[in-house]
Amino acid sequence: MSASIALSLSGGGYRATLFHAGALRRLAELGVLDRITHVSAVSGGAIAAGVWADDLRTHPGGDARDRARRIEARILAFCKEKIDTGTIIGGMLNPFKSVNETLIGAYRKHLFRDDPRLDQLPAAPRFTFCATNLATGRQVYLERDGIRDYRVGEHPYVATLCEAVAASSAFPPFLSPMDLVLDPALWRLSSHRRASGFGAPPTLHLTDGGAYDNLGLEPVWMKGYDYVLVSDAGAPYLEDTEVKTDWFSLVNAAMEIATDQSRGLRKRWLISRFNQAPGTPGHARGTYWGIASDVEDYGLADAMPVKHAKSQPLRRIATRLAPFDSGVDERLVNWGYAMADTAMRKWRGDLIAVTAPPPAWPLPAQSLA
């Protein structure tokens, strides 16, 4: 029986989408991409996962490397579109459309033209698009068989791909809440919800999945997968010698600190599981790579050569759904490729195909060497 492999794609706006595109490119070359059984995705990672799922629908079968190149090309083209400010302005100026509808429309216009429902996507791998429920403060899973929030229960509503990606990337405060109106009679309420007396919610008020779990780990950890791979493009908290004390800056800093600590705790928990001796309770197999990691920290003798002057600025890119300066998008793809290559070859050689080619920059004009 083939090993079960789960992959988590973190949030982080276009920065994450492009970083993950590079990681998927290298996973395809290593012979891993088509063996993944479950994909959990958040925000910018949900965009990359959505393109991947849509490509599986429109190009069934075929070579994984060709698939990864198509995914990369679609993501590079899409990340030249200014989605966040365009959506905000469009939602404010158009009296006939909400910000929700404008955001969904932007994904339909620029990425998923025919907007399939999630149950029209291939059954394998299983895709979980993660959002955050503002009512319960917990993660909501949008999948091919419906919607789940363990505090509320399960609902059979099947979202479209645009709805799922929009809900996962509804970055606060301007792109959220993303409201999903559901038939209350169809909820299968959890025991907690029944005991609370709150009843079945007619509307889910959702925000970015990263508000709860920016790594997208919860849908896959401790679920019995043979391997868990994590691609993390979340921005680390950046130290600054000058502290701004206006109210907006203070609130923003507090939110960034809370997010950074939450992600850091999950990351440390995950890596502690990887580091446990095989056979001990809680041991997990897998690997982690992050946009804030350093290639040399992995101690891989033949790792791709990366200059700090080129890689370090990439972790400082703002979390936006807006284009970057020329060349930054391609460098992000290269960085995701290099980090996935380093982590996989260092820790997960048991997954790599013997026919895998040596690493080479996907976009050599923007090499990080």
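A residue counts as buried when its relative accessible area is under 20%, and as exposed when that area is over 50%, with partly exposed in between. The model described here is predicted.

**Backbone features in the loops**

Asp 115 has a relative accessible area of 11%, so it is buried. This residue sits in the loop between H5 and S3. Its phi is positive, near 45°, although Asp 115 is not a glycine. Most residues other than glycine have a negative phi, and most peptide bonds are trans.

The loop between helix H5 (99–110) and strand S3 (126–133) also holds Pro 125. The peptide bond that joins Ala 124 to Pro 125 is cis, and its omega is near -5°.

Ser 43 is another non-glycine residue with a positive phi, here about 55°. Ser 43 is placed in the loop between strand S2 (38–42) and helix H2 (44–58). Its relative accessibility is 5%, and Ser 43 is therefore buried. A positive phi, near 80°, is found as well at Gly 31, which follows H1.

Helix H1 covers residues 13–29, which makes 17 residues. At 1.5 Å a residue H1 should span 24 Å, and the 25 Å between its end C-alpha atoms agrees with that. H1 is mostly covered, with 17 of its 17 residues buried.

The 12 residues of H5 should span 16 Å at 1.5 Å a residue, and the end C-alpha atoms of H5 are 16 Å apart, in agreement. Buried residues of H5 are Asn 100, Thr 102, Leu 103, Ile 104, Ala 106 and Tyr 107. An α-helix has 3.6 residues a turn, so residues three or four places apart point the same way.

| Helix pair | Axis distance | Crossing angle |
|---|---|---|
| H1 and H2 | within 7 Å | roughly 45° |
| H2 and H3 | within 10 Å | roughly 130° |
| H2 and H6 | 9 Å | about 165° |

The axes of H1 and H2 cross at roughly 45°, and that makes H1 oblique to H2. The crossing of these two helices is right-handed. On the H1 side the contact consists of Gly 13, Tyr 14, Ala 16, Thr 17, His 20 and Leu 24, and on the H2 side of Gly 44, Gly 45, Ile 47, Ala 48 and Trp 52. By class, the contact of H1 with H2 has six nonpolar residues, five polar and no charged.

Helix H3 spans residues 64–78, and its axis crosses that of H2 at roughly 130°. An angle over 145 degrees would count as roughly antiparallel, and one of 65 to 115 as roughly perpendicular; H2 and H3 are therefore oblique to each other. H2 passes H3 in a right-handed crossing. H2 brings Ile 47, Ala 48, Val 51, Trp 52, Asp 54, Asp 55 and Leu 56 to this contact, while H3 brings Arg 67, Arg 70, Ile 71, Arg 74, Ile 75 and Phe 78. The contact of H2 with H3 divides into eight nonpolar, no polar and five charged residues.

Helix H6 takes in residues 161–168 and packs on H2 at an angle of about 165°. H2 is therefore roughly antiparallel to H6. The crossing in which H2 passes H6 is right-handed. Here Ala 46, Ile 47, Gly 50 and Asp 54 of H2 meet Leu 161, Val 165 and Ser 168 of H6. The residues of the contact of H2 with H6 are four nonpolar, two polar and one charged.

Ile 47 of H2 takes part in the contact with H1, in the contact with H3 and in the contact with H6. Asp 54 of H2 is in the contact with H3 and in the contact with H6.

Gln 261 belongs to helix H9 (residues 247–275). With a relative accessible area of 42%, Gln 261 is partly exposed. Gln 261 and Asp 55 are 206 residues apart in sequence, and their C-alpha atoms are 35 Å apart in space.

Ser 311 is part of helix H10 (residues 308–311). The relative accessibility of Ser 311 is 2%, so this residue counts as buried. Leaving aside residues up to four places away in sequence, Ser 311 touches Val 306 and Trp 335.

Definitions and conventions
Residues are numbered from 1 along each chain as its sequence is written. This is a predicted model: local features need pLDDT of at least 70, side-chain atom pairs count only at pLDDT 80 or more; totals for chains, interfaces and linings use all residues. Side-chain values use heavy atoms; hydrogens and water are left out. Helices (H or I, at least four residues) and strands (E, at least two) are DSSP runs, numbered from the N terminus. The expected span of a helix is 1.5 Å times one less than its number of residues. Buried means under 20% relative accessible area, exposed over 50%, partly exposed in between (1.4 Å probe, protein chains only). Contact means heavy atoms within 4.5 Å. Axes are lines fitted to C-alpha atoms, for helices over the stretch in contact, and angles run from 0 to 180 degrees between N-to-C directions. Angles under 35 degrees count as roughly parallel, over 145 as roughly antiparallel, 65 to 115 as roughly perpendicular and the rest as oblique. A crossing is left-handed if the near helix is turned anticlockwise from the far one by less than a right angle, and right-handed if clockwise. Ala, Val, Leu, Ile, Met, Phe, Trp, Tyr, Cys and Pro count as nonpolar, Asp, Glu, Lys and Arg as charged, and the others, Gly among them, as polar.
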